Amino acid sequence: MQMWRVTQGVCRTDGAEGCPVYGVQVTLPDGTVWSFADVDTDRFAAERLACRLQSLQPSPCHFADLVLDFIEEQAQKV
């Protein structure tokens, strides 16, 4: 079973240096780890994504598309 979790980092974009940013990381059953940093500045949004992906257990070939779709979904809310 895939294990999805929220990660925390620091923004390095000009003008926003030092601001906290959140991403998601998955550990596959074979120990492989995939990370997607800078998903959102809102920890709760990253938690929603991690929960969604934990429930879906998507194929690795879909990870990047699902994360990108979520980022685009969040951008439309602004």
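**Cysteines**

I started with Cys61, which is exposed at a relative accessible area of 58%. This is a predicted model, so I read every value as computed. Cys11 came next: it is buried, with a relative accessible area of 11%. I then looked for disulfides and found zero. For Cys11 I checked the distance. Its closest cysteine sulfur is in Cys19, 6.2 Å away, and that is too far for a bond, because a disulfide needs the sulfur atoms within 2.5 Å.

**Helix H2**

I checked the length of H2, residues 63-76. Which residues of H2 are buried? I noted Phe63, Val67, Phe70 and Gln74. They cover an arc of only 60 degrees around the axis, so they sit on the same side of H2. On the face turned away from that buried side I found the exposed residues Ala75 and Gln76. I also looked up what covers the buried residues of H2: the cover includes strands S1 (3-10), S2 (20-27) and S3 (33-40), and helix H1 (43-56).

**Core**

The largest nonpolar core has 16 residues. Trp4, Val24, Phe36, Val39, Leu49, Phe63 and Val67 touch the most other members. S1, S2, S3, H1 and H2 each supply at least two residues of this core. H1 gives the most, with five residues.

Leaving out residues up to four places away in sequence, its contacts include Val24, Phe36, Leu53, Pro58 and Phe63. Gln25, Gln54 and Gln57 are also among them.

Key. Residues numbered from 1 in each chain as written. Predicted model: local features only at pLDDT ≥ 70, side-chain atom pairs only at ≥ 80, totals over all residues. Heavy atoms only, no water. Buried < 20%, exposed > 50% of the residue type's maximum accessible area, 1.4 Å probe, protein only. Helix = DSSP H or I, 4+ residues; strand = E, 2+ residues; numbered from the N terminus. Arc of directions from axis to C-beta. Contact = heavy atoms within 4.5 Å. Core = buried A, V, L, I, M, F, W, Y, C linked by side-chain atoms within 4.5 Å.
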